[in-house]
Amino acid sequence: MAQPLDLAAVRSFENLEFLARQLVEGFITGLHQSPYHGFSVEFSEHRLYNPGESTRHLDWKIFARTDKLFVKRYEEETNLRCHLLLDVSASMYYPAPGHDKLRFAVLCAAALSTLLQKQRDAVGLVTFSDKVELQTPVRSTSTHRHTLLLALQQLLERPPAAPRATATTDVAGVIHTIAQQIPKRSLVVLFSDMLGRAPEGQTATLAALQHLRHQHHEVLLFHVMDRATEANFDFQDRPYLFEDIETGETLKLQPAQVREQYRTAMRAYEHELALRCGQYKIDFVPVDIREPFDKVLYAYMVKRGKVR
């Protein structure tokens, strides 16, 4: 089992690139040592054989090593276009500098861009809060990956925006915009805590994700959370002054007085989110920033196998 990395250790562009490469190489090594032999370092050159198709392009060397049938894949089969959408709103800076949701998502995005470039797939980056802040082209070159990593590093170095009474994270608006702009069938990977002020925010976001599916794109949603506090409300039983990171609103309360109601509400929220994503054939993956990154990379690999 991979060990969590120290998110606070990501302090320079070179270090971010090194950690991303380390994550990818460790992940691939782990796949070799696991029962999931369908994924390997050859996955950009091969795919699993489907019973009934021609055996002309079977790779017997791979069969001798793995006892599994793989078909040699040609260049036009390997090209994948992936759009990484990264929520950079103020709530993503929770719970603490150096150990926040944004830093976790940034490292995941860096690892995925490294994995994509390694397989000659094209990748683009979109960062957003209440509007699109950055949108890059979708390319597969190593130079482009360096550009993406530099942009991701800059996110790590900037402080969160000051709270605003009108602040909101417009995930839905951004996704609708992106859905209109993507010309070819692609994989869209979204990193977000899916937190918004209005009760209808979740419904609007899911409608936007459905828009992507209507455009024939595959969608992979990583619901990024600090589960201990955001899902389980695990705070010490003493008075706290809770502050909304985006709006600055405050609320003083004793956690024990609301913990069970809070947990019930969060379970209902996550259940509805997962259920609706399932209905729309959107891969919904809850991830905890205190756990290893392997879950993110593996979910991407599973989804990548479907996007052909």
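The following legends describe close-up views of a predicted model.

View 1. Six strands form an open sheet, arranged in the order E5-E4-E3-E6-E7-E10 with mixed pairing. From one strand to the next, the twist averages 20°.

**View 2. The pairing of strands E4 and E5.** Strand E4 (residues 122–128) runs antiparallel to E5, and 3 bridges join the two. Within this pairing, threonine 127 stands opposite leucine 134 in E5.

**View 3. Helices H4 and H6 against the sheet.** Helix H4 (residues 101–118) packs on the sheet, where it touches strand E3 (81–87), E4, strand E6 (187–192), strand E7 (218–225) and E10. The direction of H4 makes about 170° with that of E3. Helix H6 (residues 171–181) also packs on the sheet, with E3, E4, E5 and E6 as the strands touched. For H6, the direction makes about 150° with that of E4.

**View 4. The surroundings of cysteine 277.** Cysteine 277 lies in helix H9 (residues 255–279). Its relative accessible area is 0%, under the 20% limit, and cysteine 277 is therefore classed as buried. When neighbours within four places in sequence are left aside, the residues in contact with cysteine 277 are Leu206, Leu221, Ile282 and Phe284. Leucine 221 is 56 residues from cysteine 277 in sequence, while their C-alpha atoms are 8.7 Å apart in space.

Notes
Residues numbered from 1 in each chain as written. Predicted model: local features only at pLDDT ≥ 70, side-chain atom pairs only at ≥ 80, totals over all residues. Heavy atoms only, no water. Pairing = 2+ DSSP bridges. Helix = DSSP H or I, 4+ residues; strand = E, 2+ residues; numbered from the N terminus. Axes fitted to C-alpha atoms, helices over the stretch in contact; angles between N-to-C directions. Contact = heavy atoms within 4.5 Å. Buried < 20%, exposed > 50% of the residue type's maximum accessible area, 1.4 Å probe, protein only.
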